[in-house]
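Thanks for coming, everyone. Please have a look at the screen.

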Amino acid sequence: MLELKNVEYEILRDKVVRNFSLDVKSGEVITLFGASGCGKTTILRLISGIIEPRKGRIINKFARTTYLFQENRLLEWKNALENVLLVMDKLDESLVLSYFERLGLGKKDARKYPDELSGGMRQRVAFVRAIVTQPDLLLMDEPFSGLDYDMKEILMEMIADRVKNGMSVVLVTHDRMEAAKMSDEICFLESKGAVIERRLKLEKRFEDRNFDYLNAVINENFKGKIYYD
């Protein structure tokens, strides 16, 4: 379980996060949705422990938390395969290659260095690196940005499979379809300071959300909320 209670964070006396509270249980997907600058990424950084709140408390009882950054952050002097093996408790090259294959990365791609890969390929490598750590809590910052529809669907299915087995997710996105498709709960944040404007709990699970359901959710809840980060 993860609990944020009345959390505040400021940079040069500018409150980036103010009076923010959130609860995440095992097997839940919570999405933070809001305009650029409302504090979404800062909240992920607070949860991960990269930065500490000025006020409030954060209690993270999940055994292993993994952060999938918006930037791929691959080590330039390691090839794709080595970048993933580096984070594994028990090295399993065949497992990594099977993930790569599912995401359209061949054995030759696995031996390439980051500067030899396209942006989308680097993003997929970073995703595999996050998944193989077997996290109980996965923090994701715009993980599907720049990927085509089919690849997004594959990644969402991989995440959904792990959520069924108890993994929890805190997702940051500005994409309404991603939010509607993946989330158990969407937190709409104000444009400044990451105060929750309202919460939306979705009734159907990931696998039961057809286009009509998603379209209805979007039309009812996202009117006038087209954000660009």
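Predicted model: local features only at pLDDT ≥ 70, side-chain atom pairs only at ≥ 80, totals over all residues.

Searching the whole structure turns up two cavities of 30 Å³ or more.

Take the largest cavity. Its volume is about 100 Å³. What lines it? V29, M156, I159, A160, V163, K164, M182, D184, R205, F206, E207 and R209 line the largest cavity. Which element gives the largest share of that lining? Helix α6, residues 149-164, with five residues. By class, the lining of the largest cavity holds seven nonpolar residues and five charged ones, with no polar residues.

Now the second largest cavity. The space in there is about 40 Å³. Look for L68, F69, Q70, E71 and N72, then Q123, A126, E142 and P143: these line the second largest cavity. Its lining splits into four nonpolar, three polar and two charged residues.

The largest pocket holds about 190 Å³ of space. It is lined by 15 residues, and those closest to its centre are Y67, V87, A126, R129 and A130. Strand β5, residues 65-68, and helix α5 each give at least two residues to the lining of the largest pocket. How does that lining divide by class? Eight residues are nonpolar, four are polar and three are charged.

The second largest pocket comes next. Its volume is about 150 Å³. Here 13 residues form the lining, and S36, G37, G39, K40 and T41 are the closest to the centre. Helix α1, residues 40-48, supplies the largest share of the lining of this second pocket, three residues. By class, the second largest pocket is lined by three nonpolar, six polar and four charged residues.

Where does R111 sit? In the loop between α4 (107-110) and α5 (119-131). Is R111 buried, exposed or partly exposed? Its relative accessible area is 46%, so R111 counts as partly exposed, because that class runs between 20% and 50%. What does R111 touch beyond its neighbours within four places in sequence? It is in contact with N79, L81 and E93. With E93 there is also a polar contact, side chain to side chain, of 3.0 Å. Finally, compare R111 with F127: 16 residues separate them in sequence, and their C-alpha atoms are 17 Å apart in space.

That's my tour. Over to you.

How values were computed
Residues numbered from 1 in each chain as written. Heavy atoms only, no water. 1 Å grid on protein atoms, 1.4 Å probe; cavity = no way out; pocket = protein on both sides within 12 Å on 5 of 7 lines; lining within 4 Å. Points joined across faces, edges and corners; volume = space filled by probe spheres on them. Helix = DSSP H or I, 4+ residues; strand = E, 2+ residues; numbered from the N terminus. Nonpolar A, V, L, I, M, F, W, Y, C, P; charged D, E, K, R; others polar. Buried < 20%, exposed > 50% of the residue type's maximum accessible area, 1.4 Å probe, protein only. Contact = heavy atoms within 4.5 Å. Polar contact = N/O pair within 3.5 Å; in protein donor to acceptor, adjacent residues only side chain to side chain.
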